[in-house]
Amino acid sequence: MSKTAILYSFNTQKTSRAAKMIIENYGKDLEEVNVEEITADKFLSFDNYIMGVPTWWDGELPNYWDEFIPDLEELKLKGKTFALYGAGDQKGYPENFVDAIGILGSVLENGGGKLVGFTKNEGYEFESSKALRGDDFCGLPLDFENQARAVKGKIKSWVEQVKKEFK
Amino acid sequence: MSENKKHHIKKTDKETLKKWFHLMTLGRAIDNKAPNYLKQAIGWSYHAPFAGHDGIQLAIGQVFDKETDHLFPYYRDMLTAMSAGLTATEAILNGISKATDVAGGGRHMSNHFAKPEFNIHNVSSATGNHTLHAVGVGRGMKKYKHKGISISSQGESSVSEGYVYEAINGASTEQLPVLFVFQDNGYGISVPKKDQTANRKVADNFSGLKNLKIFHCNGKDVFDSMNTMIEAKQWIIDNQKPAIVQANCVRMHSHSNSDRHELYRDENERNYSQEYDPLAKYRRLLIRYKRFTEEELLEIEAEVKAEVKVAHKKGLAAPDPDPESIFDFVVPEPYVSEKYPEGLHNGEGEHKKLIEGLNETLKAEFRHNPDTFIWGQDMANKDKGGIFNVSKGMQQEFGIERVFNAPIAEDYIMGTANGMSRFNKDIRIVIEGAEFADYFWPAMEQYVDSSHDYWRSNGQFTPNVTIRLASGGYIGGGLYHSQNIEGAMASIPGVRIVYPSYADDAAGLLRTSMRSKGMTLFLEPKALYNDPLAAAPVPDDFEVPFGKARVRRKGKDLTIITYGNTTHMCVSVAEKLQTDNDLDVEVIDLRSLIPLDKETILASVKKTGKVLMVHEDKVFGGFGGEVSSIITEEAFEWLDAPVKRVGSTFTPVGFNRILEKAILPNADKIYAAAVDLAEY
């Protein structure tokens with residue numbers, strides 16, 4: 001039976017709040033992992049991953065993800081499936097809207113992982129994003145600053161989609 | 001993020017990682033300690049902490065090679081300077097302004113780190129001012145086929161300054177090996193990026209410039225910063241074109257000790273910026289990836305603590321600057337003329353026009369010294385040689401490498417002249433600073449800053465530049481083709497100012513300027529370029545020393561002191577006064593305003609007892625006011641009348657000839673004033 005985890009920083013506010021909503025909607029075994037304490041071995045112990053990846057500053061990964069990259073980029077991720085969500089501010093940072101989803105997504109793809117949970121690039125106003133794959137985001141952008149009311153609904157439908165896409 | 005992975009937490013050798021940790025910890029320790037010096041009233045009254053910029057500052061210093069490169073750090077660049085070679089003691093000596101401060105002996109502001117010996121330049125505090133200097137060095141590198149790069153480091157808000165755009169545009173046009181590093185911490189003091197420019201990443205504003213590559217990196221991350229800087233430097237060397245590195249940083253503290261960021265950054269943001277601490281991140285990586293043990297890092301931190309203690313003691317024990325030294329290094333010693341020590345000659349023969357005297361001297365000096373260059377607007381396009389053709393034929397004879405056009409950007413002309421001087425002290429540069437002196441004002445920020453260089457660096461650097469400007473009126477040119485600017489310029493120490501009236505003096509002063517160290521503002525009375533009145537025999541090797549006036553007519557009843565266009569009027573008035581009034585008038589042509597020939601002036605005053613000061617510039621605020629004050633202070637007892645002045649009215653110069661005549665001085669006004677004075 002495949003193991004599924006949700007990885008995010010427990011020291012966050014919006015990302016943690018979104019994680020709780022995801023867990024509630026997911027409704028079955030979903031192990032919570034604090035990414036600030038992640039190790040390569042622990043990371044490899046799952047098959048399906050939901051990962052909370054907010055974008056910091058002008059398009060950067062948070063430190064806790066960034067500092068794991070040197071390990072992550074060496075891992076063999078073939079056969080593993082990843083669904084990414086992340087907070088971003090489309091008005092404050094329109095040039096780098098949810099870039100972190102795209103940056104981390106590329107590392108996972110380079111390691112052989114498969115990204116799922118793509119969402120339509122509709123209903124957002126931004127200029128560019130590293131999270132775009134064609135017209136779609138390679139994950140779920142959540143804009144707590146400008147579209148707070150939409151967050152709950154987006155998470156609900158995204159979790160349904162991800163559940164189907166996970167093996 | 002750089003794709004170049006030369007450096008990586010898992011791959012970089014341990015010695016290198018250790019060196020970086022040591023430097024970063026040392027820099028941070030001094031950065032944290034700096035405010036204590038102010039609290040204890042020891043010094044460091046200006047401190048702009050670098051914390052949050054650690055990754056990119058380490059990287060700038062590490063890729064800099066003092067043997068081949070030039071570095072222009074800004075006021076937040078302590079770690080940059082230390083990573084490039086400044087010692088902990090030297091950082092503290094600058095911070096507390098000691099005589100042994102290698103940047104400038106305590107003359108420059110604290111937190112302005114430099115080490116000219118290593119090509120780490122002493123630069124202005126005016127943000128981004130040095131960008132033009134870096135481009136000038138880049139031009140020097142290209143002209144002399146030097147393999148190296150010039151690095152301009154600055155905050156992202158400096159890019160709001162127009163001259164920074166001029167600099168980057170120029171580096172792109174001239175294809176120069178210059179690396180511009182924008183350390184982006186999101187604020188210009190308290191002004192956020194959104195109030196500076198529409199792009200959050202200001203480097204992207206330059207994406208339309210040709211020949212320029214733009215890199216982005218995380219300036220808080222040591223490895224991304226190192227890899228990006230290495231890649232950018234290599235790209236510049238391979239392509240001989242400029243590049244920008246925009247490094248995302250964070251300002252962990254206030255802008256400086258005079259700023260309080262809690263007035264405009266909320267607690268959440270301030271905490272967020274602390275979380276970003278690049279040094280803490282690097283330390284975590286070293287432990288996480290087992291490159292160092294906690295004990296090893298603690299040992300390095302203890303070493304740093306001891307090192308700072310030693311540096312602190314050395315700093316406190318260092319001597320303070322001597323107040324007697326304030327007049328050292330204001331202006332460098334000029335070239336000394338052995339053949340013409342008074343700037344006089346008995347040359348006979350063909351009378352040459354003033355413009356010919358200038359043109360022939362320029363050419364002669366270019367033949368004499370291969371390290372001479374001239375540029376300006378309209379300087380070199382086919383048969384055009386400067387707006388008035390003063391440099392006619394020079395490009396044909398000396399080639400486009402030495403005689404070339406500049407964009408219509410006066411500050412760029414001036415600033416890159418300063419910069420190119422920094423590449424090699426033997427270089428002598430002549431610029432046509434603007435089409436007319438009237439248009440030189442945009443270059444004032446570079447002019448003023450260049451005037452500081454020799455003093456501020458404690459004699460370590462001087463721009464060797466002759467700034468030629470066509471000045472003055474009497475051509476019906478109006479407000480923008482008739483101004484005299486010497487009155488304003490003479491209030492700025494650090495630059496010599498000359499204003500000849502005759503072809504021979506113009507030639508002699510130009511030769512001396514071009515052979516001297518330092519800056520000379522060379523004002524040319526454009527109305528006299530082709531005027532037979534200004535023509536004179538010009539010995540081929542004529543030289544006029546600075547600070548030597550020329551008595552154009554000897555007399556005993558009244559002294560007229562003048563220069564430039566009005567010299568000829570004064571000579572003719574003197575002749576008329578002799579004929580009409582039997583007055584024997586002495587006419588002194590100052591030739592050189594700074595330095596001023598007080599000796600000749602005072603000797604004449606003592607002889608005649610009456611002084612009429614005449615110049616074309618405005619009476620109010622004009623240079624004559626200074627001469628008048630000197631006479632009043634130093635020769636009062638010889639005066640038989642108040643010093644009288646004739647010059648322009650305190651108005652702009654009108655375009656209509658009727659207005660021009662009403663505003664500018666002329667022979668009639670001078671005559672009337674002289675008669676008044678004689679009758680006093």
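Reader: How many residues of helix α2 of chain B are buried?

Author: First, a heads-up: this is a predicted model, where local features need pLDDT of at least 70, side-chain atom pairs count only at pLDDT 80 or more, and totals for chains, interfaces and linings use all residues. Residues are numbered from 1 along each chain as its sequence is written, while chains are lettered from A and ligands numbered from 1 in the order in which they are written. A residue is buried if 20 or more other C-beta atoms, placed from the backbone, lie within 10 Å of its own. Helix α2 (a DSSP run of H or I, at least four residues) covers residues 54-63 of chain B, and its buried count is ten of ten.

Reader: What is the order of the open sheet in chain A?

Author: Strands are DSSP runs of E, at least two residues, and two of them pair if DSSP finds at least two bridges between them. β6 (119-120) and β7 (132-133) of chain A are the edge strands, each pairing on one side only. Two bridges link β6(A) to the antiparallel β8 (residues 136-137) of chain A. With antiparallel pairing, the order is β6-β8-β7.

Reader: Which helix gives the largest share of chain B's side touching chain A?

Author: Contact here is C-beta atoms, placed from the backbone, within 7 Å, and it takes 13 residues from chain B and eight from chain A. Four residues on chain B's side, the largest share, come from residues 278-288, helix α9(B).

Reader: What ipTM does the model score?

Author: Its pTM is 0.96, and the ipTM is 0.95.

How values were computed. Contact = placed C-beta atoms within 7 Å. Buried ≥ 20, exposed ≤ 12 C-beta atoms within 10 Å, placed from the backbone.
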